[in-house]
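Here are my notes for a first look through this one. Have the sequence and the structure open while you read.

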Amino acid sequence: MEQSSPSSTAPQKLRILTWNINSLRLRLPLLEEIVKKANPDIVSLQETKVTDSLFPLEAVQKLGFPHCLFKGMKSYNGVAILSKHPLTLLENFPEWQGQQDCRHLAASLKTRTGAIHLHNFYIPAGGDIPNPEENPKFAHKLGFLDEVTDWFSKNKPKKSVLMGDLNVAPLPDDVWSHKQLLKIVSHTPIETEKCLAWQKEGFMDAMRLHTPEPEKLYTWWSYRNKDWKKSNRGRRLDHLWITPDLQDNLKNMTIMREARDFERPSDHVPVFIDLDLE
C-alpha cells in the first residue's frame with residue numbers, strides 16, 4: 001500500500017469521482033480517457049483486481065495523481081483512492097466479516113474548511129440466490145451490510161464522503177423495473193432495507209439530493225444486454241453519500257453514461273460530485 005505525504009495547498013473545490021473499473025490494468029487507457037473528460041481531484045476505484053506489488057503506480061501518477069492509496073489482491077476485489085492532493089491513510093477499521101478481501105479503504109484530505117474523510121467501499125455482490133441459508137455469498141453480503149451499519153452507528157461520521165460500488169440499488173427508481181427486480185439480488189427488500197439503514201447512520205444520498213425521484217438513475221448495465229441503450233435495463237449500484245455538514249457544499253452530480261460505450265468497457269460507469277469548500 002502506497003501512502004502519500006502532505007505537501008500541497010489545501011483545495012477549495014473538489015470533484016470526487018467513483019468508478020468500478022473492473023480491472024485497473026486492463027482498463028488503464030479508459031481511466032485516462034475518464035480523467036481527460038472529467039478532470040477529477042479524487043478518483044475512487046473498485047475491483048482493481050491487482051496485488052499491491054503490481055499496482056501500476058507510475059502510470060496512475062502520470063495521469064495527474066501523485067497521491068495514491070491502494071489495497072488489492074490477485075484477480076478479485078481491490079480498492080484504490082487516487083488524489084491530486086495529499087492523503088492520510090485512516091486505519092483501525094475491522095476486517096469486515098473477518099475476511100481480508102480488500103473491500104474498504106479510507107483516507108483523510110485537508111481542505112480550507114478542515115479535513116474531509118473519504119470512504120471507498122466495494123460491497124459483496126451476493127451471488128444469484130437471495131437466500132442466506134442457501135447462498136453463502138448472499139449471507140456474506142447481508143452480514144457485511146449489518147457490520148458496517150453497526151460500526152458507523154458507533155462512530156458517527158462528520159465531514160465525510162462515502163462512495164463506491166455498494167451493489168445495492170435501494171430505491172424503486174434506481175432500477176428499470178421495481179416489480180420485476182424485487183426477487184433479484186441487488187434490489188431485494190432485505191438488501192434495500194439494510195442499505196438505507198446504513199445510510200441513515202449519518203449520511204445523505206448526494207446523487208438523489210441532486211436528482212430526486214422519480215427520475216430514474218442507473219450506473220450499471222449488464223454485459224448480457226447486446227444493446228444496453230435500447231434495452232436500458234440499468235441499476236444504480238454505485239453511490240456517493242455525504243454527511244449533512246457537507247450538504248450546502250454540494251454543487252453538482254454527473255453520471256458519465258458515455259463510458260459504457262467505451263471499447264471493452266466496465267459494466268459500471270463513473271459518477272462524480274462537485275463540492276465547493278470556499
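1. Let's begin with cysteines. A disulfide here is a pair of cysteine sulfur atoms within 2.5 Å. By that cut-off the structure holds zero disulfides. Take C102: the closest cysteine sulfur belongs to C68 and is 16 Å away, too far for a bond. C102 counts as buried at 11% relative accessibility, and C195 is buried too, at 0%. (Buried means under 20% relative accessible area, exposed over 50%, and partly exposed in between, with a 1.4 Å probe and protein chains only.)

2. A word on what you are looking at. This is a predicted model, in which local features need pLDDT of at least 70 and side-chain atom pairs count only at pLDDT 80 or more, while totals for chains, interfaces and linings use all residues. Residues are numbered from 1 along each chain as its sequence is written, and side-chain values use heavy atoms, with hydrogens and water left out.

3. Now the first sheet on my list. Helices (H or I, at least four residues) and strands (E, at least two) are DSSP runs numbered from the N terminus, and two strands pair if DSSP finds at least two bridges between them. On those terms, six strands make an open sheet with mixed pairing, in the order β3-β4-β2-β1-β14-β13. β3 (67–71) and β13 (250–255) stand at the edges with a single partner strand each, so one side of each has no neighbour in the sheet. Neighbouring strands of this sheet are turned by 10 degrees against each other on average, direction ignored; axes are lines fitted to C-alpha atoms, for helices over the stretch in contact, and angles run from 0 to 180 degrees between N-to-C directions.

4. Which way do the strands pair? β1 (residues 13–20) and β2 (residues 42–46) are parallel, over five bridges, and N20 has Q46 in β2 as its bridge partner. Although β3 is an edge strand, four of its five residues are buried.

5. Helix α1 (residues 28–38) lies across this sheet's β1, β2, β4 (79–83) and β14 (271–276), and runs at about 150 degrees to β1. Contact here means heavy atoms within 4.5 Å.

6. There is another open sheet to look at. Its six strands come in the order β5-β6-β7-β8-β12-β9, again with mixed pairing. The edge strands are β5 and β9, each pairing on one side only. β9 joins β12 (residues 238–242) in the antiparallel sense over two bridges, and M204 has I242 in β12 as its bridge partner. Helix α4 lies across β7 (114–122), β8, β9 and β12, at about 30 degrees to β12.

7. Next, the aromatics. Rings of Phe, Tyr and Trp (its six-membered ring) pair if their centres lie within 6.5 Å; planes under 30 degrees apart count as stacked, over 60 as edge-to-face and the rest as tilted. The count comes to 15 aromatic pairs. W96 and F144 are a tilted one, 6.0 Å centre to centre with 40 degrees between the planes. W96 sits in the loop between β5 (88–90) and β6 (104–111) and F144 in helix α3 (residues 136–154), so the pair ties together parts 48 residues apart in sequence. W96 is buried at 4% relative accessible area, and F144 at 0%.

8. What kind of pair do the rings of F152 and F203 form? Their centres are 5.5 Å apart and their planes at 70 degrees, so the pair is edge-to-face. F152 lies in α3 and F203 in the loop between α4 (189–199) and β9 (204–205), so this contact links parts 51 residues apart in sequence. F152 is buried at 1% and F203 at 7%. Both belong to one aromatic cluster, made up of F93, W96, F121, F144, W151, F152, W198, F203 and W241.

9. The charged end of R233 sits over the ring of W176, 4.1 Å from its centre; the rule asks for NZ of Lys or CZ of Arg within 6 Å of the ring centre and within 35 degrees of the ring normal. Q180 is in the loop between β8 (160–165) and α4, and is exposed, with a relative accessible area of 54%.
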